[in-house]
Amino acid sequence: MAATPNRSHGVTPEACVRGDAALARAFVFLGKRWNAVILGALSEGPAGFRELSRFIGGISDSVLSDRLADLAAAGLITRRVEEGPPVAVSYALTERGEALMPALAQISAWAQEHLLAGDC
């Protein structure tokens, strides 16, 4: 009988027990559309909401807002509010987020070499 995937993540219980559990958890999170792209955009330095939206392109404001909240909850980015007027909000990578950048750079290099541009 096939294992039932975890409803919230699509990971089977067996995958969580095997040696690849950490990799499975990482890709469940990073595989969420836009998460890795947002982290990559923030690798250039802190950015505001509109700046991120323009840089990424094709992402709705509500999805960007949700993804930023997810990334902040995971401790990968910080949200800083600068009192105005006008009030300015900026996002930046945390130390934990910075630690992920070499791995994302390697994935990006692999994709450039092995995936066609139309595959995304």
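The legends below describe close-up views of a predicted model. Local features require pLDDT of at least 70 and side-chain atom pairs count only at pLDDT 80 or more, whereas totals for chains, interfaces and linings use all residues. Residues are numbered from 1 along each chain as its sequence is written, and side-chain values use heavy atoms, with hydrogens and water left out.

**View 1. Crossing of helix 3 and helix 4.** Helix 3 spans residues 35-42 and helix 4 spans residues 49-56 (helices are DSSP runs of H or I with at least four residues, strands are runs of E with at least two, and both are numbered from the N terminus). Their axes come within 10 Å and cross at roughly 115° (axes are lines fitted to C-alpha atoms, for helices over the stretch in contact, and angles run from 0 to 180 degrees between N-to-C directions). The two helices are therefore roughly perpendicular to each other (a term for angles of 65 to 115 degrees). The crossing is right-handed (the near helix is turned clockwise from the far one by less than a right angle). Val37, Ile38, Ala41 and Leu42 in helix 3 meet Leu52, Phe55 and Ile56 in helix 4 (contact means heavy atoms within 4.5 Å). By class, this contact holds seven nonpolar residues, no polar and no charged ones (Ala, Val, Leu, Ile, Met, Phe, Trp, Tyr, Cys and Pro count as nonpolar, Asp, Glu, Lys and Arg as charged, and the others, Gly among them, as polar).

**View 2. Crossing of helix 4 and helix 5.** Here the axes come within 11 Å and cross at roughly 110°; helix 4 and helix 5 are therefore roughly perpendicular to each other. Helix 4 passes helix 5 in a right-handed crossing. From helix 4, Phe49, Arg50, Leu52, Ser53 and Ile56 meet Asp61, Leu64, Ser65 and Leu68 of helix 5. These residues divide into five nonpolar, two polar and two charged.

**View 3. The largest nonpolar core.** This core has 21 residues, and those with the most contacts inside it include Ile38, Leu39, Leu52 and Ile77 (a core is a set of buried Ala, Val, Leu, Ile, Met, Phe, Trp, Tyr and Cys residues joined through side-chain atoms within 4.5 Å). Helix 3 gives the most to this core, with four residues. Beyond its neighbours within four places in sequence, Leu52 is in contact with Ala41, Leu42, Ala47, Leu64, Leu68 and Tyr91.

View 4. Asn35 lies in helix 3 and is buried, with a relative accessible area of 0% (buried means under 20% relative accessible area, with a 1.4 Å probe and protein chains only). Leaving aside neighbours within four places in sequence, Asn35 is in contact with Phe29, Leu30, Arg67 and Leu71.

Methods: Angles under 35 degrees count as roughly parallel, over 145 as roughly antiparallel, 65 to 115 as roughly perpendicular and the rest as oblique. Buried means under 20% relative accessible area, exposed over 50%, partly exposed in between (1.4 Å probe, protein chains only).
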